Amino acid sequence: MSEGPGQEVLHSRADVVFNVTLVLAIVATVFVGLRITSKWIVVKRNNSDDVFTIIAWVGVSLRYGERKDETDDRC
């Protein structure tokens, strides 16, 4: 199946979308880490919302790690 003119645009943006997503994930990880560090080490207060934040972040990370080279049939 040959690719039409619109397919080139989708493939050329894939790298940009991946890089932006990666940068945002890194920034979010840094902020979550700083929040947990400031609450647990500096203030010395542990709340259940912090534990749920860590559990959710680990869950998202594990789920993202399971996705290996899934191709989209629409492209």
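A: Let us begin with a definition: a residue is buried under 20% relative accessible area, exposed over 50%, and partly exposed in between (1.4 Å probe, protein chains only). This is a predicted model, where local features need pLDDT of at least 70 and side-chain atom pairs count only at pLDDT 80 or more, while totals for chains, interfaces and linings use all residues. Residues are numbered from 1 along each chain as its sequence is written, and side-chain values use heavy atoms, leaving out hydrogens and water.

Q: Can we try that with an example: is Val27 buried, partly exposed or exposed?
A: Val27 counts as partly exposed, because its relative accessibility is 38%. You will find Val27 in helix α1.

Q: How many helices and strands are there in the protein chain?
A: Helices (H or I, at least four residues) and strands (E, at least two) are DSSP runs, numbered from the N terminus. Here the protein chain has two helices and zero strands. Helix α1 covers residues 5–42, and helix α2 covers residues 48–66.

Q: What percentage of the residues of the protein chain count as buried?
A: Of its 75 residues, 4% count as buried. For the surface as a whole, accessible areas come from the Shrake-Rupley method with a 1.4 Å probe, and for residues only the protein chains shown count as cover. The chain exposes about 6800 Å², with carbon and sulfur atoms supplying 64% of that area.

Q: Which residues make the nonpolar surface patch?
A: A patch is built from residues with over 30% relative accessible area and no salt bridge; like charges are joined within 9 Å, and nonpolar side chains (Val, Leu, Ile, Met, Phe, Trp, Tyr) within 5 Å. In this structure, Phe18, Leu22, Val23, Ile26, Val27, Val30, Phe31, Leu34 and Tyr64 make a nonpolar patch of about 900 Å². Helix α1 gives the largest share of the patch, eight residues. Val27, our partly exposed example, is one of the patch residues.

Q: How many salt bridges does the count come to?
A: A salt bridge is a side-chain nitrogen of Lys or Arg within 4 Å of a carboxyl oxygen of Asp or Glu. The count by this rule is three. Let us take them in turn.

In one of them, Asp49 meets Arg35 at 3.6 Å, N to O. Asp49 lies in helix α2 and Arg35 in helix α1, so this pair ties together parts that are 14 residues apart in sequence. Asp49 is partly exposed because its relative accessible area is 35%, and Arg35 is partly exposed because its value is 37%.

Arg35 also meets Asp50, at 2.4 Å, N to O. With Arg35 in helix α1 and Asp50 in helix α2, the pair ties together parts that are 15 residues apart in sequence.

Lys39 forms a salt bridge with Asp50 too, their closest N and O atoms being 3.5 Å apart. Lys39 sits in helix α1 and Asp50 in helix α2, so this pair ties together parts eleven residues apart in sequence. Because they share partners, these salt bridges join Arg35, Lys39, Asp49 and Asp50 into one network.

Q: Are Lys39 and Asp50 buried or exposed?
A: Both of them are buried. Lys39 has a relative accessibility of 16%, and Asp50 has a relative accessible area of 0%.

Q: Which residues does Asp50 touch?
A: Contact means heavy atoms within 4.5 Å. Not counting residues up to four places away in sequence, Asp50 touches Arg35, Ile36, Lys39, Trp40 and Arg45. By that count, Lys39 touches Lys44, Arg45, Asn47, Asp49 and Asp50.

Q: Where is the place of Lys44?
A: Lys44 belongs to the loop between α1 and α2. Lys44 is exposed, because its relative accessible area is 67%. Although Lys44 is not a glycine, its phi is positive, about 60 degrees.

Q: Which residues line the second largest pocket?
A: Rolling a probe the size of a water molecule over the atoms shows where empty space is left. On a 1 Å grid over the protein atoms alone, a pocket is an open set of points where a 1.4 Å probe fits, with protein on both sides within 12 Å along at least five of seven lines; lining residues have an atom within 4 Å of a point. The second largest pocket is lined by Phe18, Thr21, Leu22, Ala25, Thr29, Trp57, Val60, Ser61 and Tyr64. The elements giving two or more residues to this lining are α1 and α2, and the largest share, five residues, comes from α1. The volume of this pocket is about 240 Å³, meaning the space filled by probe spheres set on grid points that are joined across faces, edges and corners.
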